[in-house]
Amino acid sequence: MNVLQLVRSAFRSKPRDAAAQALYDECLSKSQSYDDLSGQIMRQRLAPTAVCIDVGCCLGDELKKMMTAAPQGTFFAFEPLPHLFERLRKRFKQSNVRLSNVALSDQEGTIDFNFVETNPAYSGIRRRRYDRPHERDRTIQVPTDRLDNVLGAAGSPKVDLIKIDVEGAELLVMRGAEATLKRDRPIVIFEHGLGGTDCYDVRPEHVYDFLAGCGLSVSLMEEFLADRPPLSRDAFVDQFDAGRNFYFVAHP
């Protein structure tokens, strides 16, 4: 989900005290920054005919940014929740947008998927930790596939950018896209943070090493835009463990 929508969904009513207001303001500021930075990356780094992938498309706001940055591009978007997928079908009817009601992972078939009815942004292959008490969730069945399979069936186009926002399952998505990552070495904007990723028994070292094996470095988005050196393995781990940032960009 668009990170601004995620923050606002977590605070459905006005914060009731100064501490809650301060937390809300901090989260909103950081979320706005992540949204702005992802848009800047797309505008600066995508050619008009770029091929882009949106994994965890939700309402389609990031997909819309991709389409604006690459007006003659080709777009693959994946959203496993049926009701959100139907909204996407109504919003995006362009012939260059290929929507799939699929949860991307490192396997193909049908899986149990945790649908958080009271906060769909927190839905995922596994149940993540919730910030609010009394969330209501249930298990649904959704199809799953590997990005390499999907792209192979589409003729294996050269991919320029992938956005991954899947509430902790980002390494599963990356493993299912290993051939694409190694072949094309695209820009990958991905969420990676405590509360989601650790529920998959995944550490930042695992993600860093996998991306390095695909020929990709990892940066903070603002550092990438400024052409500064990427994060070291230890620095990436520190960002994760300290909760300083939860959106990163992998790149050649």
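Predicted model: local features only at pLDDT ≥ 70, side-chain atom pairs only at ≥ 80, totals over all residues.
Local features need pLDDT of at least 70 and side-chain atom pairs count only at pLDDT 80 or more, while totals for chains, interfaces and linings use all residues. Residues are numbered from 1 along each chain as its sequence is written, and side-chain values use heavy atoms, with hydrogens and water left out.

The protein contains 10 helices and 10 strands, taken as DSSP runs numbered from the N terminus (helices: H or I, at least four residues; strands: E, at least two). Of its 252 residues, 54% are buried; buried means under 20% relative accessible area, exposed over 50%, and partly exposed in between (1.4 Å probe, protein chains only).

Salt bridges, defined by a side-chain nitrogen of Lys or Arg within 4 Å of a carboxyl oxygen of Asp or Glu, number 20 in the structure. One of them joins arginine 138 to glutamate 117, with the closest N and O atoms 2.4 Å apart. Here arginine 138 belongs to strand 6 (residues 137-145), whereas glutamate 117 sits in the loop between strand 5 (109-116) and strand 6, 21 residues apart. Arginine 138 is partly exposed at 41% relative accessible area, as is glutamate 117 at 27%. Together with Arg136, these residues are linked in a network of salt bridges.

Aspartate 137 and arginine 127 meet in a salt bridge at 2.9 Å, N to O. Aspartate 137 lies in strand 6 and arginine 127 in the loop between strand 5 and strand 6, so the pair ties together parts 10 residues apart in sequence. Aspartate 137 is partly exposed at 25%, while arginine 127 is exposed at 51%.
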